Amino acid sequence: MTKPMIKIHNVETDEIIEREMNAQEYAEHLQLVQEYQAQTAEAEAKSAARASALAKLAALGLTETEIAAL
Amino acid sequence: MALQTFTTGQVLTAAQVSALQANDYNQTVSTKTANYVLTIADLGSRVFMNAAGATTITVNTGIFAAGDTLWLGNIGAGACVVTAGTATVSKFSTASLTLSQYQGAFLYFVSTGVAILYSDAAGASFPVTTKGDLFGYDTAAARIPVGTNNQVLTADSAQALGVKWATPSSGGGMTLISTTSFTGTVLTLSSIAGTYKELRLYIKGLYAANTNTLNVTFNGDLTNPGYASLTGSDAMNRAFSLSGSGNSSMNTWTYLNTSANSDSFLVLTIPNYSNTTTMKFMNATGAVETSSGSYTLGTWTGFWNNTSAITSIEFRGIGTFTAGSVELYGVS
């Protein structure tokens, strides 16, 4: 399986190396991906819960101004 | 009037007396236009050099007697040097034997072979020759040639004249260290010199397909926990959202452009990045275009809880970077 690419720019020599991630780098990358996915899921769940709460408040007869005042 | 020799019993004529009287206030001028050797005939006259190039007036021994005097002058553009031929010509300590244009001197013979030059070229001839030259001094007056544009005069005891023209240090300026396009999933800027006070990074038009996120780490460190604070609107919170308990060193996700053609500009500032005694602080500000074409603005701060000097910066994406560039500047 092809691993993601990493680009290393030595700013002192201006040498640029582009290669696949090694095993350790790839493991670190996967960990970041997991964190991101967990964070995204949490944010999406929070957003969905908010939308649901707003819908329920509206169903109870509250106006948008009243909901915003909460 | 040339030197006169009178004999015992001689009766002076009115013309002779008048000529002698006139010699007190209107001496005969003997103008020379090339190198010249003084002769006894010059006594009682003024020897003036008038030449465009450099010339000499040579003083030899055995020509003049003790007490004899001569007026010398230079009206030409070329410097005229009163030169000791076979005689010794001394001068007042700060005077010069060189007569520049319109300078004069009084030559007094102490003996037939030793003369003293009393020159109005006090201190030296005027040494400056070119627009912008300065008058310097070491053991004598000397020229300090004008420097090049934007140089400043700097004291330097190692220089013969104690000063030199030098390019000022780049205090307060920004030096572009590198420009790198974003490709791959991780971009590392390595071997960053610790010679600046601050690092500043301009990230332009960064876009990563599918994920639109960016994580910044230093020296490859993913283990030291960091902390980031955030200011801005709800939209900004979404654009610059935080992960509260992860183990990334700068535990912040930053939304990037939402398409390869959208617009963004982020500025990352890392002051005191090369010190080895304290944690490292980072500040980021930017504007990012959203998928709807509006912009989110925000400021984000964080620190790296590590005392090592920052020598590399990693930009970690989730997807692949497909557009954008980063300019790394060192601020002095």
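# Report on a two-chain predicted model

The largest nonpolar core holds 32 residues, and those with the most contacts inside it are B:L199, B:L206, B:L268 and B:L328. At least two residues each come from β16, β17 (198-208), β18 (215-218), β20 (264-271), β21 (280-289), β22 (295-304) and β23 (313-331) of chain B. The greatest share is that of β23(B), which gives 6 residues to this core. Another core, of 21 residues, lies apart from it and includes B:F48, B:I57, B:C80 and B:L117. In soluble globular proteins, nonpolar side chains tend to be buried together.

The model is predicted, and its scores are ipTM 0.77 and pTM 0.53. Chain B has an average pLDDT of 79, and 80% of its residues score at least 70. Among the elements of chain B, strand β15 (residues 174-181) has the highest mean pLDDT, 94, while helix α2 (residues 234-239) has the lowest, 34. Over residues 225-258 of chain B, pLDDT stays under 50. For that stretch the model has 102 contacts beyond four places in sequence. Where pLDDT is low, the predicted coordinates should not be read in detail.

Chain A comes next. Its elements are 2 helices and 2 strands, and along the sequence they follow the pattern β-β-α-α. Chain A has 70 residues, of which 13% count as buried. Strand β2 (residues 15-20) of chain A is hardly covered, with 0 buried residues among its 6. β1(A) and β2(A) run antiparallel and are joined by 6 bridges. Within this pairing, A:M5 stands opposite A:E20 in β2(A). The hairpin of β1(A) and β2(A) has 4 residues between the strands, and A:D14 takes a positive phi near 65° there.

Where the two chains meet, the contact takes 19 residues from chain A and 27 residues from chain B. On the side of chain A that touches chain B, β1 (5-10) and α1 (23-59) of chain A each supply at least two residues. The most comes from α1(A), with 8 residues. By type, the residues on this side of chain A are 9 nonpolar, 5 polar and 5 charged.

Strand pairing also links the chains: β1(A) pairs with strand β16 (residues 184-190) of chain B in the parallel sense, over 5 bridges. A:I6 stands opposite B:V186 in β16(B). β1(A) is therefore joined both to β2(A) within its own chain and to β16(B) in the other chain, given that strands of a sheet pair through backbone hydrogen bonds, either parallel or antiparallel. β16(B) is also one of the strands that supply at least two residues to the core of 32 residues.

Chain B also has an open sheet of 4 strands, in the order β2-β4-β6-β8, with mixed pairing. Its edge strands are β2 (36-37) and β8 (98-99) of chain B, each of which pairs on one side only. Strands β4 (residues 55-59) and β6 (residues 80-84) of chain B pair in the parallel sense over 5 bridges. The bridge partner of B:T55 in β6(B) is B:C80. B:C80 is also among the residues of the core of 21 residues.

| Strand pair | Sense | Bridges |
|---|---|---|
| β1(A) and β2(A) | antiparallel | 6 bridges |
| β1(A) and β16(B) | parallel | 5 bridges |
| β4(B) and β6(B) | parallel | 5 bridges |

Conventions. Residues numbered from 1 in each chain as written. Chains lettered and ligands numbered in written order. pLDDT = per-residue confidence, 0-100. Contact = placed C-beta atoms within 7 Å. Buried ≥ 20, exposed ≤ 12 C-beta atoms within 10 Å, placed from the backbone. Nonpolar A, V, L, I, M, F, W, Y, C, P; charged D, E, K, R; others polar. Pairing = 2+ DSSP bridges. Core = buried A, V, L, I, M, F, W, Y, C linked by C-beta atoms within 7 Å.
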